[in-house]
Amino acid sequence: MTGKIMRLATLWLSAGLHSTLIAARPSGTPRGCYRNSPSEKSNYHKNVGVLEYVNPHIGTSGTSPNSNGGMIPSVSVPFGMTRWTAQTRENYISQVPYHDNDTFVHGFQATHQPAIWMGELGQTVIMPGWGDELKPAFEQRGLYFRKEDEVSTPYVYEVLLDADTDGEHGWDLTEAAVGEGPVPGGAGGVPEDVRDSANGRTQKRSTQSGPYDHSIRVAMTALAHTGHLRLNYEDPYSGISGSAPNSPYVFIQATRQNWTGRIEIDPENWEISGSNPQRQDYKLGPDNPATFSGYFVARFSEPFTSYGTTTGRNVSEGTHDSSGESLGAYVRFSPDTTRVEIRTGISFVSIEQARKNLNIEMPDGTSFDATVEQVKQAWLERLGRVTIEGVNGTDGEHDQRSIWYTGLFHALQYPNDFSEPTGRDPSLPRVFYNGYTDSIHTSNESYYQSWSIWDTYRAEHSLLTLFAPERVNGMMRSLLNIFDWSGRLPMWANMIETNIMIATNADVVLANALSRGFRSFNISKAWAAVRKDAYEPPERDTELLYYDREPDTPYEVRAGLTSYMDHGWVDNDRWAESASRTLDYAFDDAACAIVARQAGDNKVANNLEKRAKNYANLWNSETQFMQARNNNGSFANETWGWTEGDKWVYTFDVCHDVDGLANLFKDAHCGMKAKLDEHFNGGHNFHSNEPSHHVPYLYSLIGYPNSAADCIRAIAWENYNATSSGLSGNEDLGQMSAWYVFSALGFYPVNSAGDEYVIGTPFFEKVSLRLPRGVATGGEIGLVGESETELVISAPGAPMKPYVKSLAIDGEEKKKPVITYTELVNAKAIVFEMSEIPTNWGSRGDS
């Protein structure tokens, strides 16, 4: 292969030519644990195992929302309802609460913002201070910190703050400064092409050095519904004659402007409680969660010497409670106080439930160290199942172990379990707020939210079947519960449906589970749900454009299905994003057919499989590209009709019938190979967005696995690293990381509705996976074969040898570059023989 991809592949190889291969044996020192850091005074970082390789700062930097990974250095447990993060800016749609360029902390936030382009809901912010002047406003309360005094791990976040920080900082980083951001309420304007035809800030870091006169050393950890903060007020002049005593305090912000909340101080029980009804996606979707609110109860370890409430910058000393906008409360402590701990329960149900969550997860007497250890063990249970050996010896900024383990850490945060406990016994019923019915529900299992399905159907859900199989059936049941409540499966659910992105890719998620043997949910209901997607257009389908972020629309589902069912494509002159919709609907039809056969409806499955060929209706044989079409059959402008992509990437958007796609090209597979070469060498592949993720693997499926290997390694090198800029695009609830996790193992789920993985090029010499119980039995425990098993994937020389020469599963040779889920989870040994030069393995002649 020539051009840019080949040059990048050469960089991948040359990076390790003069360095030795290293085995991933943890040294016990956490990533980001710097000299003079707070960790020197803590014992949190012992026995961390592979967590030493996790860097939560990966994906926290970028010059624009689209070049930002959209991640935060948060702490919580896997799939936790609430994540806690340092707040360096106010978040809104297109901005998350933390950016790695920032050097002022304005609070510690309990956040529920799932992705950078989605809205926050029901957040709480806690900020310590020290001094006689209370500073409640965002720009007032920011305290300076040095990056070398910040430590971030999956189980604890630590930072040293300058308590004497003067001045105001960061007004331009507030929600008020930007008027809710570029899409107020989540709603966007009508795109130009649709109108015509129905189609960061970078802050210089201070050079300040030396010790602070007064500092606040913060350590933060969190469980699923509770946060635990430890504040050490450090005064080197304490006890010295003439040293003026300072008054330590803590401020809690309940609401921002335009949102009316409530706050109450209970000095007898050392508590502050409150509510916040903010939901930034309020203009999107058909649902009306009128009574939604986030609730909190914060319990302190020290008594209050004084207290009050705030509205904006206005302070009401001695006030117990208040309601309103820009609302907060504060409590002060004795001047000789050196440590304050705060345990905070979070709920979407009620203040009483927030207090119950606190008493269940962090009862009185719970030490901070004990909470840290609990979170650490929760992550070790997941990530500690994988041991990596034989890694390309690059510098620390490109450490593949750090990229891989952080990727798995990201992927196992979503979707979020929004159910809340009723007791310490996990078998007891759970409660949750249901935004679709605007009511409180009780259930015997978890309820999952944060469904970015247009992104995650590609690889994230396949990853969950391997690394969290015990949760997969429950996730499918949550999807079907949403269908019961709303009449539709979700597209992009952020507490309720937002109608973000296109197509009904929940069809694929359900097919993915069924194809892998997960069947502990109502398959008949699953078929009813996806059948409705496939055959019933949305309300007002012929009236609305259904453009991206169109406000106040009905459930969008398959907008344009009216024309798709009539003549096999979505009309570009009647609906927005028509070409991408047509291609996605064809794939969704293939997924629906899988569900139909599982439900026993073979007749309709046959019809759906026929409809799944509709992708060919967009083929322009003259240009050899996919192209949008108008109602009269004419082709539209080649730049119209695409969703976060163009004609290049969408020409290859046929994951379910790659041979059928290849046969559309002149010279068939050879012609498709030439077009792929032109795509990659011409700079048309943008891995920062999801439609590109499967494309390099198409080389393998049409008989050119050597080209796949070159592209995959070049993409990994160019788009991932172990720094805060380590994701070239938005994480999108685990999908960006899922691509890397799978690709490093040597395979990827191109057709995620089915059960096959396509072979690429393994990055490591040896990966040992201790697969969880239930991975081979559809997530069920207690069945024959449900025990933990160990799978070893070996590829001697892989860091320096990109090409597969042979592949064997438990000694049985594989000729084709495809393995199935069943083969994968039942195998004990997958052995790659690698080569420095291209081979014939997997080519059309060899297979």
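A: **Salt bridges, strands and helices**

In this predicted model, the side chains of K147 and D100 meet in a salt bridge, with N and O 3.2 Å apart. The pair connects distant parts of the chain, 47 residues apart: K147 is in the loop between β5 (143–144) and β6 (150–152), and D100 is in the loop between β1 (83–87) and β2 (104–105). K147 and D100 are both buried. A search of the whole structure finds 42 salt bridges.

Another salt bridge joins the side chains of R230 and E341, at 3.0 Å from N to O. Here the distant parts are strands: R230 belongs to β9 (residues 226–234) and E341 to β18, and the two residues are 111 residues apart. R230 is buried, as is E341.

E833 and K805 also form a salt bridge, their closest N and O atoms being 3.8 Å apart. This pair links β37 (residues 829–835), which holds E833, to β34 (residues 803–809), which holds K805, across 28 residues. E833 has a relative accessibility of 37% and so counts as partly exposed; K805, with a relative accessible area of 46%, is partly exposed too.

There is also a network of salt bridges, linking E271, R299, R343, R355 and D364. Two of its members face each other across a strand pair: R343, in β18, is the bridge partner of R299. R299 points from β13 the way that Y295 and V297 do, while G294, F296, A298 and F300 point the other way. In a regular strand the side chains alternate between the two faces of the sheet. Both sets of residues in β13 are buried, and the count for β13 (residues 294–300) is seven of its seven residues.

β13 has a partner in β12 (residues 271–276), to which six bridges join it in the antiparallel sense. In that pairing N276 stands opposite G294. β13 is also joined to β18 (residues 339–347), again by six bridges and running antiparallel.

A charged residue without a salt bridge gives a contrast. D455, in helix α7 (residues 453–456), is buried yet forms none, and the nearest side chain of opposite charge, that of R458, is 5.6 Å away. Beyond its neighbours within four places in sequence, D455 is in contact with W492, E690, D732 and Q735.

Helix α20 (residues 735–745) has 11 of its 11 residues buried, so it is largely enclosed by the rest of the structure. After α20 comes G746, which has a positive phi near 115°.

A second open sheet of three strands has the order β30-β31-β36, also with antiparallel pairing. Its edge strands, β30 (747–748) and β36 (818–820), each pair on one side only. β30 and β31 (residues 756–759) are paired over two bridges, with F747 opposite I759.

The 13 residues of α11 (residues 523–535) should span 18 Å at 1.5 Å a residue, which agrees with the 18 Å between its end C-alpha atoms. I523, A526, W527, A529, V530, D533 and A534 are its buried residues. They cover an arc of only 165° around the axis, which puts them on the same side of α11. An α-helix has 3.6 residues a turn, so residues three or four places apart point the same way. The buried residues of α11 pack against α9 (469–486), α10 (506–515), α12 (561–567), α13 (578–598) and α14 (602–611).

α12 contains T562, which is partly exposed at a relative accessible area of 30%. Between T562 and E536 there are 8.3 Å from C-alpha to C-alpha, although the two are 26 residues apart in sequence. Apart from neighbours within four places in sequence, T562 is in contact with P537, D541, T542 and W575.

How values were computed
Residues are numbered from 1 along each chain as its sequence is written. This is a predicted model: local features need pLDDT of at least 70, side-chain atom pairs count only at pLDDT 80 or more; totals for chains, interfaces and linings use all residues. Side-chain values use heavy atoms; hydrogens and water are left out. Helices (H or I, at least four residues) and strands (E, at least two) are DSSP runs, numbered from the N terminus. Buried means under 20% relative accessible area, exposed over 50%, partly exposed in between (1.4 Å probe, protein chains only). Lys and Arg count as positive and Asp and Glu as negative; His and the chain ends are not counted. A salt bridge is a side-chain nitrogen of Lys or Arg within 4 Å of a carboxyl oxygen of Asp or Glu. Contact means heavy atoms within 4.5 Å. Two strands pair if DSSP finds at least two bridges between them. The expected span of a helix is 1.5 Å times one less than its number of residues. The arc is that of the directions from the helix axis to the C-beta atoms.
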